Number of protein chains: 2
Amino acid sequence: MRPTVHDIAAAAGVSLATVDRVLNQRPGVRHVTREKVEAAIREIGYVRDVAAANLAKGRTYSFVFIVPASDNSFMHGLNAEVMAAVARSPVERTDIRTVEVPAFDPAALAAALDTLRAERPAGVALVATDAPEVRDAVDRMVQDGIPVVTVVSDLTGSLRHHYAGVDNIAAGRTAARLLGRFLGGAKGDVAVLAGSMLVRDHRERLEGFSAVMADEFPDLSILPVIEGRDDPDMAHMLVSDALSKRDGIIGVYSLGAGNRGLIRALKETSVARVLTVVAHELTDHTRAALLDGTIDAILNQDAGHEVRSAIRVLKAKADGLSVIDAQERIRLDIFLKDNLP
Amino acid sequence: MRPTVHDIAAAAGVSLATVDRVLNQRPGVRHVTREKVEAAIREIGYVRDVAAANLAKGRTYSFVFIVPASDNSFMHGLNAEVMAAVARSPVERTDIRTVEVPAFDPAALAAALDTLRAERPAGVALVATDAPEVRDAVDRMVQDGIPVVTVVSDLTGSLRHHYAGVDNIAAGRTAARLLGRFLGGAKGDVAVLAGSMLVRDHRERLEGFSAVMADEFPDLSILPVIEGRDDPDMAHMLVSDALSKRDGIIGVYSLGAGNRGLIRALKETSVARVLTVVAHELTDHTRAALLDGTIDAILNQDAGHEVRSAIRVLKAKADGLSVIDAQERIRLDIFLKDNLP
DNA sequence: CTGTTAGCGCATTCAT
DNA sequence: ATGAATGCGCTAACAG
């Protein structure tokens, strides 16, 4: 049998309560007594039974997800995953709820964080908007002892405990190599469609993409970035325009959302024209486009994994446990038409 | 508060013991009483607290991993992951151990299964060798009420409860498309290196690969499969031989293990010769080869994920719980030099 | 400062 | 066929 608190109490010649006090680093124990107990813990090789501890505590951890109120397929998917987690939450001694904030609105996000802080939840997960005021609000939360993890979009320079999302520079680099290799040494222009250069993920993807393109595919030149604000209609208009004006375009990299519009624009171009296209995020639209050949590869982040990972990390943080790092790494999924889930 | 056994006992007007009996479908309850209790359970919306149940039971589940004694990096990695799980196991009320059996030896595997069955473990995970005797042994185990999951390589047609591994047909198809697109319309031969056509995963990868090659890349012709038994030395010899004899080879698909030998052979070929190479399994060797350009893409299955998934499924089976399907899907990782973990 | 005691939600004897 | 009582490993009042 594994050693229990009783064993260590016996070994140290103290009572259960005292053992519990040192185990949970609570005050009210003389230094010598504490040492004695700690020695016993070490010698016996005790490891706390977390399940039993949680049962005794009766406490259920309340976590909050702050998500942007964006109307695109990816965010809808993310929301659905959070809801699925909410549905499972009673079973896992957690109480999860979501708070919606306007998208790309640092002030609103910071305000929401500050309001939340007063309620002292056991942990907070947020899709970060990269701005100083948000970073400060997050830092205040962390300094108040509340675990914070960022999801999808990170907030570097902040004190957040963890980031559950993909490496966006690597994503951009990967997109460049796929596009470059698929184009097999052809010479021409590459159009890049982004949501907004104000968002950190998009900037990073572009940065990675440009770097590899410059280093390894000098025959391909990147046109000025088209900013479609993740809006299907705007993306459609801008891409159509670009395609009609520049017939040197042989490749397209869509690094943001709003792919519905891009796909429409692509389908409207001359059938004689062959474009190689790499896009981000697997949705119903991009999936269909991949299958019918309009898109050649899709880079994706698994929202379900991100949400589950965020919760695991928050829970581990809340009861002082460690996580399995490899399990919490969010990978960049690459989908061709053959390996769709 | 969540309803407990006490609540349902009160609601049904019976004792805790009776509630427990119907909850765990044990005999000794009159039909009417059972109905009454079941009604109460439903109305109250009771869900069992698994942690508390396990605490009360005190039982620790003993799981066994049967792994082939293969001397290649992938199997070493798999073993390491199982060992990591063993290290974590005391914390999770599980007792995991491994049993090694000779690779590609159906009789030995079947024998090991039958021996194990007598010990009645709480669950078994195995890397299956696809043979009737193995399938029968697995079926006997399942019929004895022992949960069984296959890892890495499946055993279709058997009664195993779950398969923790990638879709190998999809993997082969993906390899074909990557190779075909990377070769960009060139004409030539493609060499295929496999471990053994006796294992189902290798057969399936070849099947998927051949299908896409035939359908979509008619200018590439697949040479007869080289079987290297996942052995580096044998692979080295056979691949060197093939490369020297056929100078029409412009692409290589390595669908098994033993890539150490393949890589050596590739590096020994003339520097003037450009080969496009897709291989399976990320190991130290293949990672280095990807980075130095010897290999162009690596398809991978995350052994850590597979092991953790197998354990989760086994545990869920053992205490009659359900799993999150999406979480247990083992994806096909595609690594280019830019998105290595 | 330290110890006693009573649960947390459930499973399991042992009576009845 | 049913119920009362005890304990799993740990925490948290409440006493001393």
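The domain bounds used in these legends come from an automatic or database domain assignment, and every view shows a predicted model.

**View 1. Division of chain A into domains.** Chain A is divided into domain 1, covering residues 5–48, domain 2, made up of residues 57–164 together with 303–330, and domain 3, covering residues 168–301. Taken over C-alpha atoms, the centres of domain 2 of chain A and domain 3 of chain A are separated by 30 Å. To the contact between these two domains, domain 2 of chain A contributes 12 residues and domain 3 of chain A likewise contributes 12 residues.

**View 2. The area buried between domain 2 of chain A and domain 3 of chain A.** About 1000 Å² is buried between the two domains, and carbon and sulfur atoms give 47% of this area. Of the area that domain 2 of chain A buries against domain 3 of chain A, 40% is supplied by A:Phe74, A:Phe104 and A:Asp130, which is more than any other three residues supply.

**View 3. Salt bridges and polar contacts across the interface of domain 2 of chain A and domain 3 of chain A.** Two salt bridges are found across this interface, and five residue pairs, both residues of each being at pLDDT 80 or more, are found in polar contact across it. On the side of domain 2 of chain A that touches domain 3 of chain A, the elements that give two or more residues are α5 (73–88) and α13 (303–318) of chain A. A:Asp130 and A:Arg203 form a salt bridge in which the closest N and O atoms are 3.4 Å apart.

**View 4. The buried residues of helix α2 of chain B.** In this helix, which runs over residues 16–23, the buried residues are B:Thr18, B:Val19, B:Val22 and B:Leu23. Because they cover an arc of only 140° around the axis, these residues lie on the same side of α2(B). The partners against which the buried residues of α2(B) pack are α1 (5–12) and α3 (31–44) of chain B. B:Gln25, which follows α2(B), has a positive phi, near 40°.

View 5. When residues up to four places away in sequence are not counted, B:Asn79 touches B:Val67 and B:Glu100.

Notes: Residues numbered from 1 in each chain as written. Chains lettered and ligands numbered in written order. Predicted model: local features only at pLDDT ≥ 70, side-chain atom pairs only at ≥ 80, totals over all residues. Heavy atoms only, no water. Contact = heavy atoms within 4.5 Å. Buried < 20%, exposed > 50% of the residue type's maximum accessible area, 1.4 Å probe, protein only. Helix = DSSP H or I, 4+ residues; strand = E, 2+ residues; numbered from the N terminus. Arc of directions from axis to C-beta. Buried area = accessible area lost by both parts, 1.4 Å probe. Salt bridge = Lys/Arg side-chain N within 4 Å of Asp/Glu carboxyl O. Polar contact = N/O pair within 3.5 Å; in protein donor to acceptor, adjacent residues only side chain to side chain.
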